[in-house]
Amino acid sequence: MTTNPTLAELADRATASRERPAYGHDALITCDRLVRIFSTDGVEVQALQGLDLLVREGELMALVGASGSGKSTLMNILAGLDTPTAGAARVAGRDLLAMTSKNRLAYRREVVGFVWQQTSRNLLPYLTAAQNVALPMQLAGAARRSGRRARGERALELLELLEVADCRDRRPHQMSGGQQQRVAIAVALANEPAVLLADEPTGELDSHTAEQIFGAFRTANERLGTTIVIVTHDQAVAGEVRRTVAIRDGRTSTEVLRRSEVDAATGDERVVAREYAMLDRAGRLQLPAEYTEALGMRDRVALELEPDHIAVRPDDSERD
Ligand SMILES: Nc1ncnc2c1ncn2[C@@H]1O[C@H](COP(=O)(O)OP(=O)(O)OP(=O)(O)O)[C@@H](O)[C@H]1O
Ligand SMILES: [Mg+2]
């Protein structure tokens, strides 16, 4: 038989949890109650409504969510193109709310790389693939890469890594959409960014090409160790990463973690996926709609603290 914890034990646990290190102290990306309100013609849209997100160094993760849920708003903030209305956002030690415009420019050139959905937005049309990749290094200044020759060599290495070295002397209109996106990833990686952000990078491509582009992100993550956040509506792409975070109404709602497990009986390797919900510091939890609807939960639920879990049951008070 299990016994419920005593009040003293619960109080001890609560104290221990308050003494934990600050939220996100060891994360590369920390979003803490991030808010972004757009006001157009006197109408306010709350695109982000207190979003919490932690991404650790070296992660390759996907962000999913319905249209209008705030994914691009978040990406634009992380890319340093937009500033939040309230909350906190830190990337690689930089405070995104407190950057001067000079620091912001350096941040965009050196700390983050981005790949957008529109292939045409990623590359300059009048430069070749190799010139496109060398350009960010040139803009970052002599401090980072010595000469033209070193830049050219690195550009070629990146194009080789992404398997588009054969396109080095071609301009964007001479490449397929998939090739352009691979070159775009090389451009984004040119200055060895801590974080690579991609907003629907496979949105304009067919599913086969999308899979190859996804492979290119995986290569960048594995070979260069770059932390990568990809927004996608493609379930197949989302299913390829270890961690998928869902955004709902401007907040992170649930996340799915996948890990490989070896079946003890057959020895086969299989991927086990488990769904998690975010618990914010006020203790608020958003239950997935499929779960609450399946059990007819509304307005109020019954809670019970068990030694190793919390039971959430439909409200049965009316039935007494
Ligand atoms: N510059 C802006 N001015 C006003 N409202 C905006 C602006 N940018 C976004 N919004 C609004 O903020 C909300 C979130 O938009 P966002 O583009 O982040 O969604 P999304 O999740 O990227 O959607 P999609 O999957 O369609 O790309 C939407 O209601 C949108 O209309
Ligand atoms: Mg979007």
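Is Asp-299 buried or exposed? In this predicted model, Asp-299 counts as exposed, at 77% relative accessibility. The residue lies in the loop between α10 (289-294) and β12 (301-305). Its phi is positive, about 60°, although Asp-299 is not a glycine. A positive phi in a residue other than glycine also occurs at Asp-41, where the value is near 50°. Asp-41 is placed in the loop between β1 (29-40) and β2. With a relative accessible area of 79%, Asp-41 is exposed, because its value is over the 50% cut-off.

The protein chain comprises 10 helices and 13 strands. Taken along the principal axes, a box of roughly 75 × 55 × 40 Å holds its C-alpha atoms. Of the 320 residues in the chain, 41% are buried. Among contacts between residues at least 6 apart in sequence, 62% join residues at least 24 apart.

The buried residues of α5 (129-139) are Ala-129, Asn-132, Val-133, Ala-134, Pro-136 and Met-137. The elements that cover these buried residues include α6 (148-161) and α7. After α5 comes Gly-141, which has a positive phi near 100°.

The axes of α5 and α6 are 9 Å apart, and the two helices pack at an angle of about 125°. That angle makes α5 oblique to α6. In handedness, the crossing of α5 past α6 is right-handed. The α5 side of the contact consists of Ala-129, Ala-130, Val-133, Ala-134, Met-137 and Gln-138, and these residues meet Arg-151, Arg-154, Ala-155, Leu-158 and Leu-159 in α6. By class, this contact of α5 with α6 has eight nonpolar residues, one polar residue and two charged residues. Ala-129, Val-133, Ala-134 and Met-137 are listed among the buried residues of α5 and also among its residues that meet α6.

For α6 and α7, the axes come within 9 Å and cross at roughly 135°. The two helices are therefore oblique to each other. The crossing of α6 past α7 is right-handed. Arg-154, Leu-158 and Leu-159 of α6 meet Val-183, Ala-186 and Leu-189 of α7. The class composition of the α6 contact with α7 is five nonpolar, no polar and one charged. Arg-154, Leu-158 and Leu-159 take part in the contact of α6 with α7 and in that of α5 with α6.

Helix α7 (residues 177-189) also packs against helix α8 (residues 207-224), with axes that come within 9 Å and cross at roughly 20°. The pair is therefore roughly parallel, because angles under 35 degrees count as such. The crossing of α7 and α8 is right-handed. On the α7 side, Gly-178, Gln-181, Arg-182, Ile-185 and Leu-189 are in contact with Thr-209, Gln-212, Ile-213, Ala-216, Phe-217, Ala-220 and Leu-224 of α8. The residues of this contact divide into seven nonpolar, four polar and one charged. Leu-189 of α7 meets α8 and also belongs to the contact with α6.

Two further loop residues were considered. Glu-59 is found in the loop between β2 (43-55) and β3 (60-64). Its relative accessible area is 15%, and Glu-59 is therefore buried, because buried means under 20%. The side chain of Glu-59 reaches the backbone nitrogen of Arg-56 at 2.9 Å. When residues up to four places away in sequence are not counted, Glu-59 touches Leu-54, Asn-221, Thr-226, Thr-227, Ile-228 and Arg-243.

Tyr-126 is located in the loop between α4 (119-122) and α5 (129-139). At 55% relative accessibility, Tyr-126 counts as exposed. Apart from neighbours within four places in sequence, Tyr-126 is in contact with Gln-131 and Arg-171. A separation of 9.2 Å lies between the C-alpha atoms of Tyr-126 and His-173, which are 47 residues apart along the chain.

Note on methods: Residues numbered from 1 in each chain as written. Chains lettered and ligands numbered in written order. Predicted model: local features only at pLDDT ≥ 70, side-chain atom pairs only at ≥ 80, totals over all residues. Heavy atoms only, no water. Axes fitted to C-alpha atoms, helices over the stretch in contact; angles between N-to-C directions. Helix = DSSP H or I, 4+ residues; strand = E, 2+ residues; numbered from the N terminus. Parallel < 35°, antiparallel > 145°, perpendicular 65-115°, else oblique. Left-handed = near helix turned anticlockwise from the far one by under 90°. Contact = heavy atoms within 4.5 Å. Nonpolar A, V, L, I, M, F, W, Y, C, P; charged D, E, K, R; others polar. Buried < 20%, exposed > 50% of the residue type's maximum accessible area, 1.4 Å probe, protein only. Polar contact = N/O pair within 3.5 Å; in protein donor to acceptor, adjacent residues only side chain to side chain.
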